[in-house]
Amino acid sequence: MIIFPDYIIGTKSDLVGEAETQPVLTEEGVKLAKKIHALGFWETSAKTGEGVKEAFEAAAKVLLTPPTYTEQMEISAVVLFYSEMCLK
């Protein structure tokens, strides 16, 4: 079983300041990322390309880096916990 880390990516950052938009503040995104133990919060815009490369590079770096022994043990514990929950 492969477990992928969580990322939070805020899209359409080019619309900040536009009428009738309700952007997520950077501080809110960072706070949520910390709360759910995500690897980070990235603001992106497909329209301007802002932040897209950085978000993809961060994801690729984590996915291409083998987990440490401790991370492997944490993943195993989570998988075991969910397996036991499913059997009940």
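With which side chain does that of lysine 53 meet in a salt bridge, and at what N to O distance?

Mentor: The structure is a predicted model, and the partner is glutamate 57: its side chain and that of lysine 53 meet in a salt bridge with an N to O distance of 3.8 Å. Side chains of opposite charge can pair when their charged atoms come close.

The position of the pair in the fold may be considered next. Both lysine 53 and glutamate 57 belong to helix 2, which covers residues 52–64. They are four residues apart, or about one turn of the helix. Lysine 53 has a relative accessible area of 56% and is therefore classed as exposed, since that class requires a value over 50%. Glutamate 57, with a relative accessible area of 44%, is partly exposed.

The loop between strand 2 and helix 2 holds a residue in another setting, serine 45. Serine 45 has a relative accessibility of 0%, so it counts as buried, the limit being under 20%. A polar atom of the serine 45 side chain lies 3.1 Å from the backbone nitrogen of threonine 48. Leaving aside residues up to four places away in sequence, serine 45 touches Lys12, Ser13, Asp14, Glu50 and Val52.

Strand 1 (8–10), helix 1 (26–35) and strand 2 (41–43) each contribute at least two residues to the lining. Sorted by class, the lining comprises eight nonpolar, six polar and three charged residues.

Finally, the chain as a whole provides the context for these details. Its secondary structure consists of three helices and two strands, arranged along the sequence as β-α-β-α-α. The chain has 88 residues, of which 16% count as buried; serine 45 is one of the buried residues. Among contacts in the chain with a separation of 6 or more, 66% are between residues 24 or more positions apart. To return to the request, the salt bridge joins lysine 53 and glutamate 57, both within helix 2.

Conventions: Residues are numbered from 1 along each chain as its sequence is written. This is a predicted model: local features need pLDDT of at least 70, side-chain atom pairs count only at pLDDT 80 or more; totals for chains, interfaces and linings use all residues. Side-chain values use heavy atoms; hydrogens and water are left out. Ala, Val, Leu, Ile, Met, Phe, Trp, Tyr, Cys and Pro count as nonpolar, Asp, Glu, Lys and Arg as charged, and the others, Gly among them, as polar. A salt bridge is a side-chain nitrogen of Lys or Arg within 4 Å of a carboxyl oxygen of Asp or Glu. Buried means under 20% relative accessible area, exposed over 50%, partly exposed in between (1.4 Å probe, protein chains only). A polar contact is a pair of N or O atoms within 3.5 Å; within protein, one must be able to donate a hydrogen and the other to accept it, and residues adjacent in sequence count only if both atoms are side-chain atoms. Contact means heavy atoms within 4.5 Å.
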